[in-house]
Amino acid sequence: MICPDSSCGGVPETIRSDGGISHCPTCGAPCAFLLHTEAGWLEPGPALLRGFIPDGASALARGRKPDGEVVVLWFQTYRRLREIMDSSVRFPETTWRQRGGDALEHALLLADLLLSQGHRARVVCGQRHGKPHAWVSLEHDGREYLLDLLDGRPARFPPRAEVLAPHYRATVAFDRTACYFPRDPGNPPARCFDATGWREAVIPPQP
Ligand SMILES: [Zn+2]
């Protein structure tokens, strides 16, 4: 892992043992978002998006247009929603199999399914109405949508991110390759895919 600021050259030698955001020891820039996984160790968020795709969901989504595919995968994840709180973070396949998890685990599952079908999606962690929360941002046809699995039954298509922006405040986002941090943490962008407002920190593939 190297510092996301190319002019810095800092190399985080050790990662924090208590999870959360690790920072460059030289310039202080955020480098990775680390999670305690159910496997018992810390991994950067992207490492949890391993390409899980359950038979049932892929069969339902197969042959649909991209719009329909998004709604099917969103609904399939929503149907499995049952709140289970524990201290470690489940992998998407566990959340699917056990039909339960917390907001982050459901966001991981949905983002993994969407990414596997070729969509541009990110898991976003932050706050909703001032409380810790996690959701999925999706870029589709040049627009950005916010998929919140704890916000009731899925509609025909997810709401636009701008519409929900006043209630959501992002701290970090990630996909399979990188973590993204708001350049101005005190004023995070309403849109997750707005590249100017985010600092990208590429995470090397895990061994
Ligand atoms: Zn640095």
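Which residue in S5 does Cys125 stand opposite? The legends below get there step by step, using a predicted model.

**View 1. The whole protein, end to end.** Read from the N terminus, the elements go β-β-β-α-α-α-α-β-β-β-α-β-β-β. The radius of gyration comes out at 16 Å, close to the 17 Å that the globule rule gives for 207 residues, so the protein is as compact as a globular protein of that length. Along its principal axes, the C-alpha trace spans about 50 × 35 × 30 Å. Buried residues account for 41% of the 207.

**View 2. An open sheet built from 6 strands.** Follow the strands across and you get the order S6-S5-S4-S7-S8-S9, with antiparallel pairing. Strand S6 (143–147) and strand S9 (198–202) sit at the edges with a single partner strand each, so one side of each has no neighbour in the sheet. On average, neighbouring strands here are turned by 30 degrees against each other, direction ignored. What holds strands together in a sheet? Strands pair through backbone hydrogen bonds, and the pairing can be parallel or antiparallel.

**View 3. The S4–S5 hairpin.** Here's the answer to the opening question: Cys125 stands opposite Ala134 in S5. S4 and S5 pair in the antiparallel sense over 9 bridges. The two strands form a hairpin with 2 residues between them. Look in the turn for His129, which has a positive phi of about 50 degrees.

View 4. On one side, S7 pairs with S4 in the antiparallel sense over 6 bridges.

**View 5. Helix H4 lying across the strands.** H4 covers residues 103–116, which makes 14 residues. From its first C-alpha to its last it reaches 20 Å, close to the 20 Å expected at 1.5 Å a residue. The helix lies across S4 (120–128), S5 (131–140) and S6, running at about 10 degrees to S5. Is H4 largely enclosed or largely open? 14 of its 14 residues are buried, so H4 is largely enclosed by the rest of the structure. After the helix comes Gly118, with a positive phi near 90 degrees.

Key: Residues are numbered from 1 along each chain as its sequence is written. This is a predicted model: local features need pLDDT of at least 70, side-chain atom pairs count only at pLDDT 80 or more; totals for chains, interfaces and linings use all residues. Helices (H or I, at least four residues) and strands (E, at least two) are DSSP runs, numbered from the N terminus. The expected span of a helix is 1.5 Å times one less than its number of residues. A residue is buried if 20 or more other C-beta atoms lie within 10 Å of its own, exposed if 12 or fewer, and partly exposed in between; C-beta atoms are placed from the backbone. The radius of gyration is taken over C-alpha atoms; the globule rule is 2.2 Å times the number of residues to the power 0.38. Two strands pair if DSSP finds at least two bridges between them. Axes are lines fitted to C-alpha atoms, for helices over the stretch in contact, and angles run from 0 to 180 degrees between N-to-C directions. Two residues are in contact if their C-beta atoms, placed from the backbone, lie within 7 Å.
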